[in-house]
Amino acid sequence: MNWLTFSKTLSQQLNQNIVIQTAHAVSGGDIHQSFHLHTNQGNLFLKLNQAHLLPLFETEAHNLNAISQSQSIRCPKVLGYGLFENGQSHQAWLLMEYLDLTHQGDDAQRGKDLALMHHQVYKATQPFGWFENNYIGHTLQHNQWHSSWVSFYGQQRLKPQFELAQLRGANTELFTQGQKLIAELPFWFKSYEPQSSLLHGDLWAGNSAFSKDGTPVIFDPACYYGDRETDLAMTELFGGFSPEFYAGYNQVFPLDAGYAQRKPLYNLYHILNHYNLFGGHYQQQALQLVNALLKQAQANTHTSAHTCAKH
């Protein structure tokens, strides 16, 4: 990487003088190259990737800006993104403020701040979705607007993941059972109508941390407006959040009593996405979960039919 030439590119595209003095590669994810830059403007954080992946950076920038504008929970400030001619090839770049992060901080406050973000509600005739499609990892995430959350979750979340799994060579049973599950979705929403909260969309412990003063920070979002329970469910899928986090969240925005029943349904989306990204045992995990959910819905249907027959 020619940092002198890249400094000139940044200066031109951002319309300010930026001189990169040193650049250190840092770990953080398996999709992009990341660098801690020391510049005349202070410390900055840079992501690089192939030119055709610029849309990942564009949508990430839009997502971070939306979270920042909500004034609820801290996230990195975006300085810009674009393309850089690096020798014979082009590279996509995303430049942000550099935050010195740690995993130690006020977890109750992290829960409170997330709850404040979830209070950002999109009011429209079709409130569930987002202004553009974006990405979860490097999987395209469909965000067409819907008036119904059940319709959105079935058609924009589960259906594309089942279709992608089929293209990836998954067992036909996963796709077949998945279509049955989508048809059964109303079962989980008989007495629950979620509002359209601003969501992080990919909230596992690796996408959240704290600044050195203990302030909660989130990053690498896959934003949309949807049921806030989806964010909470993912925090429980891979762990990393303390009881204080959930206590802080519920203090500001108490969860519905039926959350525990819907949690596996929401985590199915991420398990399917992990199969589509990484393959392996996630296929069997997804199929087992689909069958368990179907059994739950169908058992309720049979119980209801039996009750009606007795009357």
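1. Strands β6 and β10 (residues 208-211) run antiparallel and are joined by two bridges. Leu101 is where to look, as its bridge partner in β10 is Ser211. The open sheet here has three strands in the order β6-β10-β11, with antiparallel pairing; its edge strands, β6 (101-102) and β11 (216-218), each pair on one side only. Pairing here takes at least two DSSP bridges between two strands. Strands are DSSP runs of E with at least two residues, helices are runs of H or I with at least four, and both are numbered from the N terminus.

2. Before going on, some housekeeping. This is a predicted model, so to speak: local features need pLDDT of at least 70 and side-chain atom pairs count only at pLDDT 80 or more, while totals for chains, interfaces and linings use all residues. Numbering starts from 1 along each chain as its sequence is written, and side-chain values use heavy atoms, with hydrogens and water left out.

3. Now the rings. Phe, Tyr and Trp rings (the six-membered one for Trp) pair if their centres lie within 6.5 Å; planes under 30 degrees apart are stacked, over 60 edge-to-face, and the rest tilted. The count by this rule is 22 aromatic pairs. One of them is Trp3 with Phe35, edge-to-face at 5.2 Å centre to centre and 75 degrees between the planes. That pair links distant parts of the chain, with Trp3 in helix α1 (residues 3-14) and Phe35 in strand β2 (residues 33-39), 32 residues apart. Trp3 and Phe35 are both buried, meaning under 20% relative accessible area with a 1.4 Å probe, protein chains only.

4. Have a look at the cluster too: ring pairs link Phe128, Trp149, Phe152, Tyr153, Tyr224 and Tyr266.

5. Two arginines sit over rings (CZ of Arg, or NZ of Lys, within 6 Å of the ring centre and within 35 degrees of the ring normal). Arg228 lies over the face of Phe253, 3.5 Å from the ring centre. The charged end of Arg262 is over Tyr192, 3.7 Å from the centre of that ring.

6. Just after α2, Gln71 takes a positive phi of about 55 degrees.

7. Overall, the protein has nine helices and twelve strands, and buried residues make up 50% of its 311 residues.
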